[in-house]
Amino acid sequence: MLKFLRHQKNKYWFRLKRYLMNILKSNKSDHTIAWSYSLGTFIAVFPTPGFSTFIGLGLIAIFRQINKMAVLLAMVVWNAVTVVPVYWFSFKIGQNLALTDETTLFRFEWANNLLQYFKDFIVGNLFITIPISILSYFIAKALLKKSRIAREKRSNAKLKAVDK
């Protein structure tokens, strides 16, 4: 079991590094890459269990200007393990906001309770997902800018070394 978990961890880090390197080598603008990562974050964090990858791939197929690797990187970062605390926090915020009234649509009380919990969860998730996506845009843009500056410094240093 431990060997399996180590293999999964290594596979995860390999994918993460591969997507990150493809993004950094991309010739697209920082704005486009950061916007793509933010969109991927929104799709991955919004509760669409099992469908978020298909939604991301569909958007990649439809919109050519989206950076594919940035969307996929967001999907890898916001995986099933990392979104669980976000979902729990979403539900708690939705309960505290209590923007929805108790509704009686079903004959069974458990079905009405389930509907109410779902409403609280969705409201709370929207309350969290939108700021997380906006914040991820600015973080991604800042990291890209820093990375490009560092890469430019390295290439200038190599040119100076060759000139000597």
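**Close-up views of helix packing in a predicted model**

**View 1. The neighbours of I132.** Leaving aside residues up to four places away in sequence, I132 touches T41, W78 and V86 (contact means heavy atoms within 4.5 Å). I132 itself sits in helix α6, residues 109-163; helices here are DSSP runs (H or I, at least four residues), numbered from the N terminus. Between I132 and N112 there are 20 residues in sequence and 30 Å in space, C-alpha to C-alpha.

This is a predicted model, where local features need pLDDT of at least 70 and side-chain atom pairs pLDDT 80 or more, while totals for chains, interfaces and linings use all residues. Side-chain values use heavy atoms, without hydrogens and water, and residues are numbered from 1 along each chain as its sequence is written.

**View 2. The largest nonpolar core.** Which of its 27 residues touch the most other members? They are I23, Y37, L73, W78 and V86. Such a core joins buried Ala, Val, Leu, Ile, Met, Phe, Trp, Tyr and Cys residues through side-chain atoms within 4.5 Å, with buried meaning under 20% relative accessible area (1.4 Å probe, protein chains only). Two or more residues come from each of α1 (2-24), α2, α4 (68-77), α5 (80-97) and α6.

**View 3. Y37 and its contacts.** Beyond residues up to four places away in sequence, Y37 touches A70, L73, A74, V77, W78, S136 and A140.

**View 4. Where α2 meets α3.** Here L39, I43 and A44 of α2 meet S52, I55, G56 and L59 of α3. The residues of this contact comprise 5 nonpolar, 2 polar and no charged; Ala, Val, Leu, Ile, Met, Phe, Trp, Tyr, Cys and Pro count as nonpolar, Asp, Glu, Lys and Arg as charged, and the others, Gly among them, as polar.

Conventions. Buried means under 20% relative accessible area, exposed over 50%, partly exposed in between (1.4 Å probe, protein chains only).
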